[in-house]
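Reader: I am new to this one. Please show it to me, and then I will ask.

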Amino acid sequence: MSLQKCKMCKSQFNWRTILISLCLAYKPIKCSNCSTLHAINFNSRLLVGLLLPVPMITFAWVISPKFSLSTSVTVSVMLIIGTIITLFLPYLVTYRNIMKRTK
């Protein structure tokens, strides 16, 4: 499990850069070394779209009622689950080249 590298120069992307890209509606990433633009793959968008809400909804609809948890506890745990998943997403997503930029 490692961060993706630029397809052109093999320079590794920054974890923070990938996370910001995900939070800003999959904004393309520009390689800091060669300025090549990379866009997130469709499969990675699908992964993010499922991996984030499914565990939180499962907790809220299945686990929380089983243990009679209060609404505040349920929401708090859902936020914790979402935060933990979000922190690992940069390691799971992949990007593809979309264009080479001049410096």
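Reader: Which residues does N41 contact, leaving aside its neighbours within four places in sequence?

Author: This is a predicted model. N41 is found in the loop between β2 (36–40) and α2 (42–51). Leave aside the neighbours within four places in sequence, and N41 is in contact with T94, Y95 and R96.

Reader: What distance does the polar contact between the side chains of N41 and T94 have?

Author: T94 is among the residues in contact with N41. The two side chains are joined by a polar contact of 2.7 Å.

Reader: Why does N41 count as partly exposed?

Author: Buried means under 20% relative accessible area, and exposed means over 50%. N41 counts as partly exposed because its relative accessibility is 21%.

Reader: Where is I63, and how far is it from T74 in space?

Author: I63 is found in helix α3 (residues 53–66). I63 and T74 are 11 residues apart in sequence. C-alpha to C-alpha, the distance in space is 9.2 Å.

Reader: Which helix gives the largest share of the nonpolar surface patch?

Author: The patch is formed by M1, L47, I80, I84, L87, F88, Y91 and L92. Together they have about 750 Å² of accessible area. Six residues, the largest share, come from helix α4 (residues 71–92).

Reader: Why does L92 count as partly exposed?

Author: L92 lies in helix α4. Partly exposed is the range between buried, under 20%, and exposed, over 50%. L92 counts as partly exposed because its relative accessibility is 35%.

Methods. Residues are numbered from 1 along each chain as its sequence is written. This is a predicted model: local features need pLDDT of at least 70, side-chain atom pairs count only at pLDDT 80 or more; totals for chains, interfaces and linings use all residues. Side-chain values use heavy atoms; hydrogens and water are left out. Patches are made of residues with over 30% relative accessible area and no salt bridge: like charges are joined within 9 Å, nonpolar side chains (Val, Leu, Ile, Met, Phe, Trp, Tyr) within 5 Å. Accessible areas come from the Shrake-Rupley method with a 1.4 Å probe; for residues, only the protein chains shown count as cover. A salt bridge is a side-chain nitrogen of Lys or Arg within 4 Å of a carboxyl oxygen of Asp or Glu. Helices (H or I, at least four residues) and strands (E, at least two) are DSSP runs, numbered from the N terminus. Buried means under 20% relative accessible area, exposed over 50%, partly exposed in between (1.4 Å probe, protein chains only). Contact means heavy atoms within 4.5 Å. A polar contact is a pair of N or O atoms within 3.5 Å; within protein, one must be able to donate a hydrogen and the other to accept it, and residues adjacent in sequence count only if both atoms are side-chain atoms.
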